[in-house]
Amino acid sequence: MTDPVLEIKGLDVDYGVGDEAVRAVRDVHLTLHRGEVLGLAGESGSGKSTLAYGLTRLLAPPGVIRGGEVIYHPADGEPYDVLRLTDRQLRDFRWAETSIVFQGAMNSLNPVHKVVTQLVDVIKAHEPGTSRPGRVARARDLLRLVGISADRLEACPHQLSGGMRQRVMIAMALALEPRIVIMDEPTTALDVVMQRQILGQLVELRERLGFSVLFITHDLSLLVEFSDRIAIMYGGRIVEQAPAADLYRDALHPYSHGLLNSFPALRGPRRELSGIPGSPPDTRGMPSGCAFHPRCPKAFEPCPDRVPLLGTPGDPAREVACWLHPVATS
Ligand code: SF4
């Protein structure tokens, strides 16, 4: 495993305050290593996007970070806690060190401005000392990087396909050569072939440029193909994390099993899809004990009463929170 670039330690995020607060992210510990693609999967409402917004401090009210640390390890200098940065430091951190591609990002391009204007604006805002010809040349290089011909610089967004608009957003995210790219369901609106093309290209860019990726999606089959490691969220908590191949071959948590059986794999033998019975829990009234117990086919005596802690089930590369697997916790 390479050095950590981002360490999330005990992060808690609520919506609202006091007794009425909804606890959307609970005691999350997660490490992103240099140059890795870390996948984060779970159903809608599991807390994945709130985690991304929380760690980049982009939460809109009534979202509140209630506790924890997000330790960033810069290329030079001492690690620091992102949650303690001033607004000015945060602005630099967001584009220069970390960039984020949001859900539906391809619809976030300004419809009345050409692609070149929008790319150049990002570069100008963060590197005001650069010249206009220099910025245009960078914009051209960025488009080429994501597989779009440079003559599309003069196009407006409506003249591009959905896949091209999404690639432009990825180019924008890479404009300042960040060390971390966070992608929140970036390809959900695209067809399955286009999704895989774009993700394959992202992984190839990662190998060339060396950034790390936190990739968030509800589609676990995508993560199995493109991630180095996968973490699974349920009810605001991480319930399992493992190398992608191990999770695919031998998922330990019954919820991970359920997710794997909910999506068809593009490769390998055909298998029957079964889905997960029931609905994700309402975060305003989380079930007692293991939050998955009302839907779990393997629930047994301790599950409704006691919360299983995330720990190592023997293999140090893996973690799981389930009473079926005795774990060592730190
Ligand atoms: Fe199922 Fe119990 Fe494990 Fe929760 S702790 S996933 S209810 S077996």
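In the predicted model, the largest cavity is the space taken by the ligand. The ligand is surrounded by 13 residues. Cys290, Cys296, Cys303, Cys322 and Trp323 are the closest of these. Sorted by class, the shell around the ligand consists of 10 nonpolar, 2 polar and 1 charged residues.

Helix α3 spans residues 115-126 and helix α5 spans residues 162-173. The axes of these two helices come within 10 Å and cross at roughly 20°. Angles under 35 degrees count as roughly parallel, so α3 is roughly parallel to α5. The crossing in which α3 passes α5 is right-handed.

Helix α3 also packs against helix α4, which covers residues 132-145. Here the axes come within 9 Å, and the crossing angle is roughly 115°. The range from 65 to 115 degrees counts as roughly perpendicular, and α3 is therefore roughly perpendicular to α4. This crossing of α3 and α4 is right-handed.

Helix α5 has a further packing partner in helix α6, residues 192-209. The axes of α5 and α6 are 11 Å apart, and the two helices pack at an angle of about 25°. With the limit for roughly parallel set at angles under 35 degrees, α5 and α6 are therefore roughly parallel to each other. The crossing of α5 and α6 is right-handed. Helix α5 is thus roughly parallel to α3 and roughly parallel to α6.

Two local features of the backbone were also noted. The peptide bond that runs from Pro61 to Pro62 is cis, and its omega is near 10°. Pro62 is located in a loop, with α1 (48-55) on one side and β4 (63-72) on the other. The other feature concerns Asp27, whose phi is near 45°. This is a positive value in a residue other than glycine. Asp27 is placed in strand β2, which comprises residues 22-33.

Note on methods. Residues numbered from 1 in each chain as written. Predicted model: local features only at pLDDT ≥ 70, side-chain atom pairs only at ≥ 80, totals over all residues. Heavy atoms only, no water. Near = heavy atom within 4 Å. 1 Å grid on protein atoms, 1.4 Å probe; cavity = no way out; pocket = protein on both sides within 12 Å on 5 of 7 lines; lining within 4 Å. Sits in = over half its atoms within 2 Å of the grid points. Nonpolar A, V, L, I, M, F, W, Y, C, P; charged D, E, K, R; others polar. Axes fitted to C-alpha atoms, helices over the stretch in contact; angles between N-to-C directions. Helix = DSSP H or I, 4+ residues; strand = E, 2+ residues; numbered from the N terminus. Parallel < 35°, antiparallel > 145°, perpendicular 65-115°, else oblique. Left-handed = near helix turned anticlockwise from the far one by under 90°.
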